[in-house]
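Dear colleague,

Please find below the structure that I am handing over to you. My notes on its side-chain contacts follow.

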Amino acid sequence: MNKDKITTLGELKQSGYQSKSIKDELRDNLIKNIREKKVTFEGIHGYENTVIPELERAILSKHNINLLGLRGQAKTRLARMMVNLLDEYIPYVEGSEIHDDPLRPISRYALELINEKGDQTPIAWIHRSERFAEKLATPDVTVADIIGDVDPIKAANLKLSYADDRVIHYGMIPRANRCIFVINELPDLQARIQVALFNILQEGDIQIRGFKLRLPLDMQFVFTANPEDYTNRGSIVTPLKDRIGSQILTHYPNNTEIAKVITNQESRLDERQKATIYVPELAKDLIEQISFEARESEFIDVKSGVSARMSITAFENLLSTAERRALIAGDESTTVRLADFIGVIPAITGKVELVYEGEQEGADFVAQNLLDNAIKTLFPKYFPKIEKLQKQDEETPYDDLVSWFFNSNGFELLDDYNDETYKAKLDEVTPLDKLIEEFQPDIDPKDVYFEKEFILWGLVQFKKLSKYRYSEGLQFQDPYGSYISGL
């Protein structure tokens, strides 16, 4: 249909255009996508067999939808991507505040205009990108904000009585007629405001200041909410829940592979960082494992959730830490080091809700604890597991390494080492080469030094070595060496 040639109601009728509701639009276009094997929610990972099928079923059922889940689970993104299922352009009565369908007008303005001009009524077109409205629910939201109210200035200018419905100022919901309307964090909306939504969801009509006004609004509602047992600010009133057709539970990524894809997709990296900083795959695994550890941590409120944004910002901070170090050292390019993970702590501390025990320990301690636990979890996937209890004379793959530290005065890795010095220092610890060759024979040569450092950190977590952080860098020692030398 050539929208540029259709500018009046008469031309629209002659074109054979047929009105359809927004829910029918969504349904018809989804059916088309499914038949053509076209991905509707592109860029959403980990939901292929869980959330997306449920969302598609809800759209096929023409339901209003509530996406229920913890923060950072792509609830709002899913809602925004539903816009892609709308028709590219739809016509409306030009000048209408609520985008009246020319063939099914509902507002007084549109009805009077069509009655006056008939087939010469001017028609305009709206693109699907403009058919999305979003409101973050906060306790200060009023009925006037979302439904509407009487406008005394309009009444004065038009010299109308307050009893005349032309003095009504429409709120966000009527103005979103024929659009997808999203209310984020629905439980935060006051109960009386939630009650005002009852009739809109059930009958599609609104009531403003006692006016007997029936506007059969054509809308697709999408709500997002955190689980009710988490939020202490409010809850969804039962009659409103009853009017929401489908409630869909979202979740965090099930494994680090999916989490890495999300982080890589969402990270906002400078092109120069991508070009000059190499990130070993193990470093990416560690970033994601920190989030998995946080969701199980005794110091963190699991009901609050640990957003996927934590991994994203931590990854951005990791690269910036490596970039800053390289700039100071004068290196043109560099590889991420395990010591660079000290830079991800600020990305963690602001994104986790601590329980009482966590508050007592402190946010920095909790963040460091998450990194330590992530290393401890991943270590056995790369190198032989270190048992807590071992026989006194039992040999282990790490004996030579522990002996090397026992016979040395400690080993330092300073933060300001350039890449050449950093590699030379790690090469001094000769037993590391044997471990890499034996247990990681197919390792990418660019990852070797990160894994050498990873072995040292891993042995610290299993109490085979000790690690001390001071202002210039790190020192690794035999756990008993410093005690013996002090005797």
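E266 is partly exposed, with a relative accessible area of 22%; the class covers values between buried (under 20% relative accessible area) and exposed (over 50%), computed with a 1.4 Å probe on protein chains only. Its salt-bridge partner is R77, and the closest N and O atoms of the two are 2.6 Å apart. By salt bridge I mean a side-chain nitrogen of Lys or Arg within 4 Å of a carboxyl oxygen of Asp or Glu. R77 belongs to helix α4 (residues 75-81) and E266 to helix α12 (residues 256-266), so that this pair links distant parts of the chain, 189 residues apart. Helices (H or I, at least four residues) and strands (E, at least two) are DSSP runs, numbered from the N terminus. R77 likewise counts as partly exposed, at 35% relative accessibility.

Please note that this is a predicted model, in which local features need pLDDT of at least 70, side-chain atom pairs count only at pLDDT 80 or more, and totals for chains, interfaces and linings use all residues. Residues are numbered from 1 along each chain as its sequence is written, and side-chain values use heavy atoms, with hydrogens and water left out.

Salt bridges

Across the whole structure, the search finds 23 salt bridges. One of them joins D400 and K434, at 3.6 Å from N to O. This pair also links distant parts of the chain, with D400 in helix α19 (residues 399-406) and K434 in helix α21 (residues 431-439), 34 residues apart. D400 is partly exposed at 44% relative accessible area, and K434 is partly exposed at 48%.

A further salt bridge connects K452 with D427, whose closest N and O atoms lie 2.8 Å apart. Because K452 lies in helix α22 (residues 448-461) and D427 in helix α20 (residues 419-428), the pair ties together parts that are 25 residues apart in sequence. The lysine of this pair, K452, is buried, with a relative accessible area of 1%, whereas D427 counts as partly exposed at 30%.

Salt bridges also form a network, which links E257, K260, E281, K284 and D285.

Aromatic pairs

The count of aromatic pairs comes to 13. The rule takes rings of Phe, Tyr and Trp (its six-membered ring) with centres within 6.5 Å; planes under 30 degrees apart count as stacked, over 60 as edge-to-face and the rest as tilted. The rings of F379 and F383 have centres 5.7 Å apart and planes at 35 degrees, so this pair is tilted. F379 counts as buried at 0% relative accessibility, and F383 counts as buried at 2%.

F379 also pairs with F462: the ring centres are 5.8 Å apart and the planes at 50 degrees, so this pair is tilted. Here F379, in helix α18 (residues 363-382), is linked to F462, in the loop between α22 and β13 (466-470), and the two are 83 residues apart. Both F379 and F462 are buried. Ring pairs join F379, Y382, F383, Y398, F454 and F462 into a cluster.

Charges over rings

A charge sits over a ring if NZ of Lys or CZ of Arg is within 6 Å of the ring centre and within 35 degrees of the ring normal. The charged end of R337 is placed in this way over the ring of Y422, 4.0 Å from its centre. The charged end of K467 sits over the ring of W457, at 4.4 Å from the ring centre.

With kind regards
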